[in-house]
Amino acid sequence: MTTLKTDFWGLENFYYDSHKNFSNNIDNLIYQNDGFSNYSKEGISSFLTYRYPIATYTMFEDFKRLDSSVIFENDKQTPYWRPTFQEQTTSEEVAIIKIRELLKKSIANLVKGKKRIGAMLSGGLDSSLIVAMLKKEFPEKEIYTYSVGFYGDDEFEFSDSVAKEFSTNHKKFILGLDDITDSSEHSIINALIRKKAAPLHPNELPLAIAQQQAKLDCCDIVLCGEGADDIFGGYGRNLRMYLNFDKQKSTFLEKILADYRYFSIEERQRLIRPEFLVSDITLSEKIMHECSSIDIRNQMLYFIQRLHTKGLIERGMNALAFNGFSAGFPFIDMDLVNYANSLPFSMKVKYNDGFSDCDFQNVNYKDVSEKYDTPKYILKKMAEQYLSTDIIYRKKYGFPVPFEKWLANTNILELDNTVFNSSDVSYLNGWKKYMVINLNTFIKIFNKYRK
């Protein structure tokens, strides 16, 4: 009898074939099965919506994986953890103390016994807070920081400022289009795709390149800020979506995906052959049913933590593991996650100046966030003990890859015609063109194993 337990966020996957042969390396299963029959319509459709295959799906029709936070026994997956939002009554002061205590403990667990600590540094709140806490709470550690920018766009002004303030050993890298689309046989991109057995997110290659330097610098671990937005309410616009929800017109999942999915229904139908498409509503509704009884504001947080966070952490973990590093994500410590989930919603996304939901019933939710409220409010209040307000409260910038500039004149791509409908990508924006390039690179790499 096989008994397996996956971790909270699926940092280590367990894959299996139709005979229930398990492996934490999908390449082993592909080899044992003499290849795979075809690409998975669930995997490709997931990628077009979420940028990774969700839940138990992979990019291959023949293979599945265990969900995160489950025990597999007697041919059944039983969850032992799911996000819960049983809100506790507490004061801001108490919450700030507790968050600081739990985040410090999480960092301490990760750096215990390690001397030289690397940290990814964008200059935004999350990565800057990790660097500040490392420097102030663990002064005996050597701190190395790494930033990545792109020709045409970068955040070096902010990361340089943080590195200077905390006197870290700082290095930065600037990449161009050729760097992040190089699919030659021995490129890092090919190696990362092979290791992941899925297409990449745009930040995987920059992370891997920076962390290669961290390895050369003899860092014992590299810490990353992923997960803070997911736990503390950083996606403010999405978290106000409930303001415009009308249950007479759609389900909340339909409302979410209408805004969240990367490729529209029309775009994917134009781009991908029909046999590789399936409804993303169908793919996601089982997971969203898990939270159907909780407050609608927290349903969006549940969606994020079950369907967004795993993809975010997987791509970060792929880059770390590629360079031989273990997981380094302080914000997804489970004690911290469970505590943050127990806090009132208003401590995550807090209205300014006494505003409330009643003031925005007839306002597009996209015009509310960061104008009339403060996303990630309680984490920002805690961060005031470590960082200047200029860093804490500057507008969130996102990952500044200038695909619009780089790919503006790219209208035709040479694409695999067994998966793609045509080579015309003129109707897609730059980010989507990059995703198409990446999906096609994945297909080219694995086609040799396709039966």
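This report walks through the aromatic contacts in the structure above.

## Ground rules

The model is predicted, so local features need pLDDT of at least 70 and side-chain atom pairs count only at pLDDT 80 or more, while totals for chains, interfaces and linings use all residues. Residues are numbered from 1 along each chain as its sequence is written, and side-chain values use heavy atoms, with hydrogens and water left out.

## Ring pairs

Rings of Phe, Tyr and Trp (its six-membered ring) pair if their centres lie within 6.5 Å; planes under 30 degrees apart are stacked, over 60 edge-to-face, and the rest tilted. That rule gives 28 aromatic pairs. Take F60 and F442: ring centres 5.8 Å apart and planes at 50°, so this pair is tilted. F60 sits in the loop between helix 2 (41-50) and strand 4 (64-65), and F442 in helix 19 (residues 430-446), so the pair ties together parts 382 residues apart in sequence. Helices (H or I, at least four residues) and strands (E, at least two) are DSSP runs, numbered from the N terminus.

Buried means under 20% relative accessible area (1.4 Å probe, protein chains only). F60 is buried at 1%, and F442 is buried at 0%.

## A pair within one helix

F403 and W406 have ring centres 6.0 Å apart and planes at 85°, so they pair edge-to-face. They are 3 residues apart in helix 18 (residues 403-406), about one helical turn. F403 is buried at 0%, and W406 is buried at 18%.

## Charges over rings

A charge sits over a ring if NZ of Lys or CZ of Arg is within 6 Å of the ring centre and within 35 degrees of the ring normal. K5 has its charged end over the ring of Y80, 4.6 Å from the centre. R394 lies over the face of F158, 3.7 Å from the ring centre.

How values were computed: Buried < 20%, exposed > 50% of the residue type's maximum accessible area, 1.4 Å probe, protein only.
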